[in-house]
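This text is a walk through one protein structure, part by part. Keep the sequence and the 3D view at hand while reading.

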Amino acid sequence: MNKITVLGLGAMGSRMAKQLINAGHCLTVWNRTPEAAQQLRSLGARQALSPREAAVGAEFVIAMLRDDDVSRQVWLDEETGALAGMAAGAVAIESSTLTPEWVRQLGAHAQQRGVDLLEAPVSGSRAQADAGQLAYLAAGDAAVLERSQPLLQVMGSSVHHIGQWGDGALAKLATNAMLGIQVTALAEIIGLLSRSGIDVAQVMAAMASTSVWAPVASYLSNTMLTANFAPQFPVHLIEKDFGYILREAGSTEQAPTIAAAHAVFLAAIANGSGQENMTSVAKLFMQPQQADS
C-alpha cells in the first residue's frame with residue numbers, strides 16, 4: 001500500500017482516484033472546489049486544503065489538471081504548491097494534457113527539489129477511467145517509470161514509454177488532434193448525408209464494414225446520430241489541445257488540416273456547445289430538427 005496524492009478531481013481525476021482507493025492505497029486528495037472530494041472522502045480518502053498539504057508524506061503525487069496555467073500554479077506556487085510539500089525521492093506524476101515546453105520546465109523545477117518527475121498523460125475518456133483501462137503515454141527516466149508502473153497499472157491497461165520529458169505531451173496532443181480531426185470529418189459527412197435525405201444510419205453501418213472505419217468511429221457517429229452530447233470529452237477541452245498542438249506546429253501552413261478542425265471546435269464554442277461532448281460539433285452541419293431530435 002502506497003501513500004498517494006491526487007491533485008485535481010474533475011471528470012478524470014476523480015475516477016482515477018477511485019481506482020486507487022479500490023486498490024487499497026492510502027489516498028489524499030485536493031481540488032480547487034472542495035465539494036468535489038465529497039464522494040472520495042466517503043470512500044476513505046483524506047482531503048487536504050492545499051496542494052502542498054496534500055503532498056506532504058506522499059510517495060507519489062498525481063496531477064490531473066486543465067492546462068499549463070493551472071498545472072504551474074498547483075505545482076509551483078510559493079505558498080501552496082505541491083512541490084514544496086514533497087520529500088526528496090518522491091515521484092511527481094503529471095497526467096494533465098499540457099505543452100511540451102511546460103513539462104520540461106516542470107521537470108527542471110522537480111530536479112531542483114530532488115523530486116522525480118514522470119510525465120504520464122492518458123488517452124481515454126470517462127468510461128475507460130471507470131474501468132481502469134486508460135492508455136498511458138509516459139515519458140521521463142526509465143527507472144522512475146518502472147517504479148511507478150504498478151501504480152499506473154491500477155488505472156490503465158497499457159503503459160507506453162515515449163521518451164524524455166515533453167515527448168509524452170507531444171504524443172498526447174498528436175493523439176487528440178487525430179481524434180478531433182475524425183470528429184469533425186464524421187460531423188461533416190453525417191451532415192452532408194442527412195441533408196441528402198438518405199438513411200444515414202444505414203450508410204454508417206455500411207461504412208463500418210470497410211477498411212476506412214476507425215475503432216472510435218462507431219462511438220463518435222452513434223452519439224451524433226442520437227444527439228447524445230453528454231460530456232465525455234468536452235468541446236472546450238479538445239479546443240484547448242488543438243491550440244497547444246498548433247503552437248508546436250509553428251504555423252497553420254504547417255498543419256492546415258489541424259487548423260481547419262480547430263476552427264470547427266471554435267465555431268461550436270461560439271454556438272454554445274463548449275461544455276457539451278466533442279461530437280456536438282455535428283450540430284453545426286445537421287438540420288435543426290435532426291440535431292435536436
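A nonpolar core is a set of buried Ala, Val, Leu, Ile, Met, Phe, Trp, Tyr and Cys residues joined through side-chain atoms within 4.5 Å. Buried here means under 20% relative accessible area. The model is a predicted one. Its largest nonpolar core has 33 residues, and Val183, Phe265, Met278 and Val281 are those with the most contacts inside it. Two or more residues of this core come from each of the elements α9 (167-196), α10 (200-207), α11 (217-225), α12 (235-249) and α13 (256-270). Helix α9 gives the largest share, 8 residues. In general, nonpolar side chains tend to be buried together in soluble globular proteins.

Two residues show the surroundings in more detail. Setting aside residues up to four places away in sequence, Phe265 touches Gly180, Val183, Thr184, Val235, Ile238, Glu239, Phe242, Met278 and Val281. One of these, Ile238, belongs to helix α12. Because its relative accessible area is 0%, Ile238 counts as buried. Beyond its neighbours within four places in sequence, Ile238 is in contact with Asn176, Gly180, Phe233, Phe265 and Met278. Val216 is 22 residues from Ile238 in sequence, and their C-alpha atoms are 16 Å apart.

The next part to look at is the set of paired strands. In strand β1 (residues 3-7), 4 of the 5 residues are buried, so this strand is largely enclosed by the rest of the structure. Strands β1 and β2 run parallel and are joined by 5 bridges; Leu7 stands opposite Trp30 in β2.

From β4 the pairing continues to β5, in the parallel sense and over 4 bridges, with Glu94 in β5 as the bridge partner of Ala63. What lies on each side of β5 (residues 91-94)? Val91 and Ile93 are on one side, Ala92 and Glu94 are on the other, and all are buried, leaving both faces covered. In a regular strand, side chains alternate between the two faces of the sheet. Strand β5 is in turn joined to β6 (residues 116-119) by 4 bridges, and the two run parallel; Ala92 stands opposite Leu117. Together with helix α6 (residues 100-112), β5 and β6 make a right-handed β-α-β unit.

Helix α4 (residues 68-76) has Asp68, Val70, Ser71, Val74 and Trp75 buried. These residues lie on the same side of α4, because they cover an arc of only 160° around the axis. An α-helix has 3.6 residues a turn, so residues three or four places apart point the same way. The N-terminal end of α4 is capped by Asp67, which has a side-chain oxygen 3.3 Å from the backbone nitrogen of Asp69.

His25 sits in the loop between α1 (11-22) and β2 (26-30). Is His25 buried or exposed? Its relative accessibility is 16%, so His25 counts as buried. The His25 side chain reaches the backbone nitrogen of Asn2 at 3.1 Å. Neighbours within four places in sequence aside, the contacts of His25 are Met1, Asn2, Ile4, Leu20, Leu151 and Val154.

Notes: Residues numbered from 1 in each chain as written. Predicted model: local features only at pLDDT ≥ 70, side-chain atom pairs only at ≥ 80, totals over all residues. Heavy atoms only, no water. Buried < 20%, exposed > 50% of the residue type's maximum accessible area, 1.4 Å probe, protein only. Arc of directions from axis to C-beta. Polar contact = N/O pair within 3.5 Å; in protein donor to acceptor, adjacent residues only side chain to side chain. Contact = heavy atoms within 4.5 Å. Pairing = 2+ DSSP bridges. Right-handed = clockwise from strand over helix to strand, strands pointing away.
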